Amino acid sequence: MMKRLLLITLALWSLLGCKKDPITSYTQNTVPGGITRTVYVLNEGMFGHYADSVSARLTLYDYNTKTVYKDIFENANNGQHLGDTGDDMVLAGDRLFILMSNSKAITILHIPDYKLVNTASFQSGSPHDLMYDAVRHRLFFTNFTGNTITVLNDTSLSTVKEIQVGSNPEGLAIRNDKLFVCNSGFGADSTLSVINLNTLSVDTTLVLSMGPTSATVSSDGHIVIACAGNFTVNGSVYAIDPVTLAKTSKIQFSTNLFFNSGSITADTSGNVFVIGTVPNTYTGGPIHKINLAAGLVFLNYCQGVFYGLSVNRYTNELFIADAKNFTGDGVISIINPDGTIKEVFSAQRGPSVFAFRWQ
Amino acid sequence: MAPLIVNCQSNSQADSGKVYPLPIITVRANQPVPMMFRSPFSVSTISLDDSIAPKTPTLDNALSSTDGIFIKDYSGLSGIKTISQRGLGSEHTLILLNGMRISSFENGLVDLGIIPLDAGNRVIVTHGGQSAEYGPDAVGGTVNILSQPNFNDNTKIGLTSTIGSFGRTRSHLNAETPVSENFRIGGGFGVEKSEENYPFLFHNGNITSTVIRQNSDLVAQFGNFNSSLLINSLSSLSIFSTYYNTERGSPNSISSPDAISHQRLADRDGVVQAAYSLALSAGDALSVTVQDHYAYERYRDPDFFIGGNLLDDYFKNNDARVTGKFSSSYDEGKFQIVAGADASETSAEGNSINTGVSRSELGAFMTGVSTFSFDNSVLSGISFFPALRMDMIEKSSPVFSPQLGGLMKFKTTDIGFINNFQSAIRASMSRNFRMPTFNELYYTTGGGIGNPDLQPEHSTSFDAGTDVSFNLDGRHELKATYFMTDMDNRITWVSAGGANVTPKNLRHVQSFGWEINYAWHSPGDIFSLDLNYTSTIARKISEDYPGDPTVFKQLLYVPEEMANISFGVTKHFDAILIRTLGAKFRTGYTGFRYTSEDNASFLPSFYESSLEFNSRLDISTVGTRMKFEIRNIFNKDYQVILGYPMPMRYYSFTVELDY
């Protein structure tokens, strides 16, 4: 009896797993040489996923041939993955610096083979936003939960200094030997730290509105800050003179702005673009356009739910990323300066940051 | 299942004429006797003390091989472990202690890994909604820990000690004694420690590295006290209390081989129960149970600032409740009724919720059994189990929870070589609900904004099944159940502007599947075979926004298939010293789990196997039970929850001495 039972049991057990695990792999493609106009898209990936089909990815778009190449890092580095939550990216010459916030790491890739050159891990702080000082060859990143700015050597990635700033620092901008740091406080802080790039210390702290989150430099050299607001305070945008540090203008919105360090950008014609919010969604909102000089605001300039944006300064085109609520591949739209859509292409999970290489 | 009034003989051998009226036991989910052929629900009874091997120490261990239960294990001894039944969340299973609620009001969860079972005798798992009896939160089912003490006339002292891999040690001392002819007391105290610095594999594409788990240590103290007073021949009073205090590391999900976290988690929990029972007549009884439950939890991260302050959240809950029941049966138990009411007052304070929050609840319920017997038929009888409960909860509209169950028993018969063939068909349907937790209503820090306008989640549950047992070279038992649950108004956290999130009643989910259980015990209980299989489809069927591509996708971390098999051998001896030797091999299969709402990513399926050797020795008046266990015997590298690697092969050795 026992033998019969065991045989029946083993037979039944062998049927288990008839529902096979899904099969996933990365897209196998080879980036050809000779691409002269390259758009890089850093796809954030899903938080908490470091090495699967929905983790962070680097996508390349050939601007001339309109060809998309996915999984750039995986294809160049034997299937290795970037890590968990790609939050920022900076292009400097033939190097691409990529910041992974939940993996707490910075990776350097070499262009154009995209091989891994160096990587450094940090044990705490949740790095969020990255900035490159080309003059002093330094990298800066915000420690979102650690209230500091970490300064790195751009080759060895060794730590040069940690600078104490305000609460939950997010977006960064560089202008006139100064680094401007948005202290978001999760919506509870309202300050902007101004760091002297020569002394690597905080020179002064400006008070704006609740939740300073993202920063950019406008075509006239002003520092433009988007304050997302919070549950009780609406969003606003400030323009700051980088020399006198005076607030030269303020645009008050009647809703929140998107709480994301990559939610503001500026073109070469005096316009600034900022992402708004849509109720009940984490993944962005419509894009508003601001002409600072004229004081004009064009609400819902791009209607939809957008997660990231950047102006290609070579063409003055606006690149906007729709993350599709992180359910499937995101979509990138290229907007002409006149507001019409030039092109649309598919990226990967959670596109958020752009870099442009024109040769 | 019939509400049962029990007037038992005591366990005393010296005076067999003594009668101890026990508290009214509502057989629906509390009954310690085997539930096959007696209940319209799918019920699993887990004995914690099989008298051969040392006792199962914690609730997650007791439940891990039970059909229909998925333990969400955040790895290691210190990792949080929560329960999921029928595709629903952890907050949808109500955890009970002697029939009284101990699930958290703060977050709806119970960490199964830190609930000590040293004072427990059994765990009864009832699958499917039970709001008709227990009110809010019993949506996916209930888990009831029973601690009825096995008093005898002798003083008893016991010591259990465990050592294991990764620096694990656990010790528990218990004692019980009669103080007088009518009064007994007992209690225990234990400590547990572990470093949990186990190695695991970190995979990144083609690169695999071995990493040591860090900040995963655990220190715990736990204890219990119980007493029983026979007031007179018709009434008794029993008191039970339990307490635990834990301090542990709380590592983040692993997202790089260099990741280190410094978060710490502290829990303190105490429960005191007093139960009075009175036999009014041969068929009528009254019981009243009072409980006070205190819970404290603190979570801190020395590396995480929010708005200028370090993350250091704590909460304290205190829940005081009383339940009274009257039961009556007549016509030899064919018609039974239980009517009862309960009242509770729960308060909460903490630095992450508004101060001074509290909630009052009143509930009234009635359950019954009507049985119709048949003489000249293949049917033995048909029973109906109607039940209805009304809950009035502060700041909420009254909620009604109806339930109807049916049980059709067939006559016991012999078929060829098969003897004592018993079978029954059962079905039940109910309406259940879950109240929003204090966090969902009142949370105020770290970007979370509670929503005091939240409404209860509501669900409709249905299940139908069959129970079969027969004798053929031992005892065979087979149980199969089909279930379906439909839940609307499900609470989900959504963006609220800036970095804020808030909960809303947004979703509609459905789940359905099968729970199948088979057991065989050879004559003399020398060999045993247990096999169970669960399949669950659980999907969101509402759109969060127009064109939502995650509709009709499997919910996160709900395995579509689970199975367990265990095979045991026990040899009994008449020798003076060695009484039993035994071994048990168990393997569990968990199917793949989706880790993204669009089902684009998943964690692979895994098998986890263990081997146990146990023995019982009697040395003079000291009984000794020993167990040597090898867990994850095939050294599998797997994760139950993404980013939380499980220990690979590890060992433990336990000795239990009873005097």
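This is a predicted model: local features need pLDDT of at least 70, side-chain atom pairs count only at pLDDT 80 or more; totals for chains, interfaces and linings use all residues.
Two strands are taken to pair if DSSP finds at least two bridges between them.

A handy pair to look for in the viewer is Ile275(A) with Ile287(A), its bridge partner in β22(A).

Chain A also has an open, antiparallel sheet of four strands in the order β8-β9-β10-β11. Here β8 (127–133) and β11 (159–164) of chain A each have a single partner strand, so one side of each is left without a neighbour in the sheet. Ignoring direction, neighbouring strands of this sheet are turned by 20° against each other on average.

Strand β19 (residues 264–279) of chain B is joined to β20(B) by 16 bridges, and the two run antiparallel. Across this pairing, Ala275(B) sits opposite Thr289(B) of β20(B). Four residues lie between β19(B) and β20(B), which together form a hairpin. On to the next strand: β20(B) runs antiparallel to β21 (residues 309–330) of chain B, with 20 bridges between them. Tyr299(B) has Asp313(B) as its bridge partner in β21(B). This pair of strands, β20(B) and β21(B), is likewise a hairpin, with two residues between them, and Gly307(B) in the turn shows a positive phi of about 55°.

Two points of backbone geometry deserve a look. Most residues other than glycine have a negative phi, and most peptide bonds are trans. In chain A, the peptide bond from Ile111(A) to Pro112(A) is cis, its omega being near 10°. Pro112(A) belongs to the loop that runs between β6 (105–110) and β7 (115–121) of chain A.

How do the two chains meet, and how many residues of each are in contact? On the chain B side there are 62 residues, and these touch 54 residues of chain A. The area buried between chain B and chain A comes to about 4,900 Å², with carbon and sulfur atoms giving 61% of this area. Between the chains, 10 residue pairs are in polar contact, counting pairs in which both residues are at pLDDT 80 or more. Several strands of chain B give two or more residues to the side that touches chain A, among them β15 (199–204), β20 (284–306), β28 (475–495) and β32 (578–590). The largest share of that side comes from β31(B), which gives five residues. By residue type, the side of chain B that touches chain A divides into 33 nonpolar, 22 polar and seven charged residues. The count of salt bridges between chain B and chain A is one. It links Asp598(B) to Arg349(A), whose closest N and O atoms are 2.8 Å apart.

Conventions
Residues are numbered from 1 along each chain as its sequence is written. Chains are lettered from A and ligands numbered from 1 in the order in which they are written. Side-chain values use heavy atoms; hydrogens and water are left out. Contact means heavy atoms within 4.5 Å. Buried area is the accessible area (1.4 Å probe) that two parts lose on being put together, summed over both. A salt bridge is a side-chain nitrogen of Lys or Arg within 4 Å of a carboxyl oxygen of Asp or Glu. A polar contact is a pair of N or O atoms within 3.5 Å; within protein, one must be able to donate a hydrogen and the other to accept it, and residues adjacent in sequence count only if both atoms are side-chain atoms. Ala, Val, Leu, Ile, Met, Phe, Trp, Tyr, Cys and Pro count as nonpolar, Asp, Glu, Lys and Arg as charged, and the others, Gly among them, as polar. Axes are lines fitted to C-alpha atoms, for helices over the stretch in contact, and angles run from 0 to 180 degrees between N-to-C directions.
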